[in-house]
Amino acid sequence: MHAKVMSSTVIGVDGVSIEVEVDITMGLPIFSTVGLPDGAVRESKDRVKAAIGNSGYDFPNKKITIYLF
């Protein structure tokens, strides 16, 4: 595990805690999200890439896995 962050989301009117873990390893450059079975998770890939670029960081050319619990 490279990093771990506690976050939250809103489902309906309820707040739900979410644990986000990111693992960056050597290997083929693949970016994947696993965990929560929501369509928004699959759509978040572009948002994550844009946020990294807009923060002034280069997107790593490694295997990146984001776990959402």
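The dialogue below takes up the sheet, a salt bridge, the aromatic rings and the nonpolar core.

Mentor: Please note first that this is a predicted model, in which local features need pLDDT of at least 70 and side-chain atom pairs count only at pLDDT 80 or more, while totals for chains, interfaces and linings use all residues. Residues are numbered from 1 along each chain as its sequence is written, and side-chain values use heavy atoms, with hydrogens and water left out.

Trainee: In what order do the four strands form the open sheet?

Mentor: Strands of a sheet pair through backbone hydrogen bonds, either parallel or antiparallel. Helices (H or I, at least four residues) and strands (E, at least two) are DSSP runs, numbered from the N terminus; two strands pair if DSSP finds at least two bridges between them. Here the order is 1-2-4-3, and the pairing is mixed. Strand 1 (3-11) and strand 3 are the edge strands, each pairing on one side only. On average, neighbouring strands are turned by 25 degrees against each other, direction ignored; the axes are lines fitted to C-alpha atoms, for helices over the stretch in contact, and angles run from 0 to 180 degrees between N-to-C directions.

Trainee: How many bridges does strand 2 share with strand 1, and how many with strand 4?

Mentor: Strands 1 and 2 are antiparallel and pair over nine bridges; Ser8, for instance, has Ser17 in strand 2 as its bridge partner. These two strands form a hairpin with two residues between them, and Gly12 in the turn has a positive phi of about 70 degrees. Strand 2 (residues 14-25) also runs antiparallel to strand 4, joined by six bridges. In strand 4, Thr65 is the bridge partner of Asp23, and Lys63 stands opposite Thr25.

Trainee: Which side chains meet in a salt bridge?

Mentor: Side chains of opposite charge can pair when their charged atoms come close. The criterion is a side-chain nitrogen of Lys or Arg within 4 Å of a carboxyl oxygen of Asp or Glu. A search of the whole structure finds one salt bridge, between Glu19 and Lys4 (3.3 Å, N to O). Glu19 lies in strand 2 and Lys4 in strand 1, 15 residues apart.

Trainee: Which residues form an aromatic pair?

Mentor: A pair of aromatic rings is described by the distance of the centres and the angle of the planes. Rings of Phe, Tyr and Trp (its six-membered ring) pair if their centres lie within 6.5 Å; planes under 30 degrees apart count as stacked, over 60 as edge-to-face and the rest as tilted. The count is one aromatic pair: Phe31 and Phe59, edge-to-face, at 5.5 Å centre to centre with 75 degrees between the planes. Phe31 is in strand 3 (residues 31-35), whereas Phe59 is in the loop between helix 1 (39-54) and strand 4 (63-68).

Trainee: Is Phe31 buried or exposed?

Mentor: Buried means under 20% relative accessible area, exposed over 50%, and partly exposed in between (1.4 Å probe, protein chains only). Phe31, at 11%, is buried, and Phe59, at 32%, is partly exposed.

Trainee: Which residues make up the largest nonpolar core?

Mentor: Such a core is a set of buried Ala, Val, Leu, Ile, Met, Phe, Trp, Tyr and Cys residues joined through side-chain atoms within 4.5 Å. The largest has six residues: Ile18, Val20, Phe31, Ile64, Ile66 and Leu68. Strand 4 gives the most to this core, with three residues.
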